[in-house]
Amino acid sequence: MNIIALRIDAIAEPVAESDRLGDEIAELSAHLAAATAHLLELIREFDARGGWSHGSRTCAHWLAWRVGMDLGTAREHVRVARALGSLPRLADALARGELSYSKVRALTRVATPEIEERLLAVGKAGTACHVERIVRGWRRVDALAEARETAHRQKSRAVQVYEDDDGMVVIRGRLTPEAGAVLRQALDAARETLYQRARGTDAANSPEDVPAETPSMAQQQADALALLAETALHHGIDPGAPGDRYQVVVHVDAAVLAEPDRPGQSVLEGGTHVSAETSRRLACDASRVVMRHDPDGRVVEVDARTRTIPPAIRRALHHRDHGCRFPGCELPFGQGHHIRHWAHGGPTTLSNLAMLCRRHHRAVHEEGYQVERQPDGELRFRRPDGRPLPDVPPPSAIPNDPVQALRARNEAVGLHLHARTTCPGWLGEPLDVGWALDVLHPRALQPLAIGE
């Protein structure tokens, strides 16, 4: 009997130690879930305040740079943080350690305030694997419903053009949302063109020649549609090359490029004023045409168009920098930036160029950030207040016992977490995803066979 008792004790001690370790893992996981909820709340507020916008392209890029997250993980944290702002029940369950971050991350892909309570019950009842399967099925139901709606829209598109009894042409139609958006934009542009023409005509005519009645909006739309048809027939249906369609032309005086405070013009092709620093940014890496004017403003000479940065130097710049050089950006493409602007005599050489993405090129020119090349060839960036911007941020200080500090913080706000806080209510029964979606999903009108 003594031998049997010793063997039982020898077996019981490792089992008890394993149970203790398991309980500690489960309890600590609940603490981490509560801390993650606080982290997401801070990220949401930081994102809403635009705290990341002083140099970073997005909040996710700031997290990748400042906290060391993988960019994909950072994007997910920002997405979940934003979603929880309108999902208080899920946010509270995470903050109380009742749901893991994995479950909440999955549920926020489909959750809305109207169905949040049902999805919270799913999260508490099932494992993270169950939640992922239901969310996949949920999204498939959404995708099928959306595909049916899109196909119906595409099939129902139609335009009818016919003559009425009085000889007027009647147009009736239904367009897909994207085609309708294009048409609306085109009509707006055509109406604006007609309005500008009418203003010029009115200014040239005497007051008695001005029509007393202003066309109604419906009449303006009819005139705009006619102008669109005439323009298409006159210029052809081809919308043109992307380079021609999206080219931006800026007229800027040489004096303004050299010194932003100097008087002179800095305007877009249509006459809209832009800041001198915007012109300097655009002139860093663009085609350039020099026009000389006489005292009356007439053009007397036009030089040939040249590239600010020649193709050979551009290729070398891409090969050297491999993308944007702003700390934490790492975008693999960008624009050439003259560290000392060519209008100030800065040479277009590799040593005076740096690759910056559009966002950070604007930050250096219009937002006060500074960049200079050190004697060793490295770039040094500074914030608008002159403080250096480090390539790698300094590590944050952590307490000697971070686990105990985490427990203490949670207990200080009234959270008493234990080994069963995050345990689901699942009892081992098989999960019927199709049945679950029939019960939960508002758009599931009939059972669906959902596979893995």
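A: For a helix pair, each axis is a line fitted to C-alpha atoms over the stretch in contact, and the angle runs from 0 to 180 degrees between N-to-C directions. Helices (H or I, at least four residues) and strands (E, at least two) are DSSP runs, numbered from the N terminus. This is a predicted model, where local features need pLDDT of at least 70, side-chain atom pairs need 80 or more, and totals for chains, interfaces and linings use all residues. Residues count from 1 along each chain as its sequence is written, and side-chain values use heavy atoms, without hydrogens or water.

Helix H4 (residues 88–95) packs on helix H6 (residues 116–125) at about 30 degrees, their axes 9 Å apart. That makes the two roughly parallel (angles under 35 degrees; over 145 is roughly antiparallel, 65 to 115 roughly perpendicular, the rest oblique). Pro 88, Arg 89, Leu 90 and Ala 93 of H4 meet Glu 116, Glu 117 and Leu 120 of H6, contact being heavy atoms within 4.5 Å. By class, the H4–H6 contact has 4 nonpolar, 3 charged and no polar residues (nonpolar: Ala, Val, Leu, Ile, Met, Phe, Trp, Tyr, Cys, Pro; charged: Asp, Glu, Lys, Arg; polar: the others, Gly among them).

Further along, an open, antiparallel sheet of 3 strands runs S11-S12-S13, with S11 (370–373) and S13 (388–389) as edge strands, each paired on one side only. Strands pair if DSSP finds at least two bridges between them; S11 and S12 (residues 379–382) have 4. Arg 373 has Leu 379 of S12 as its bridge partner.
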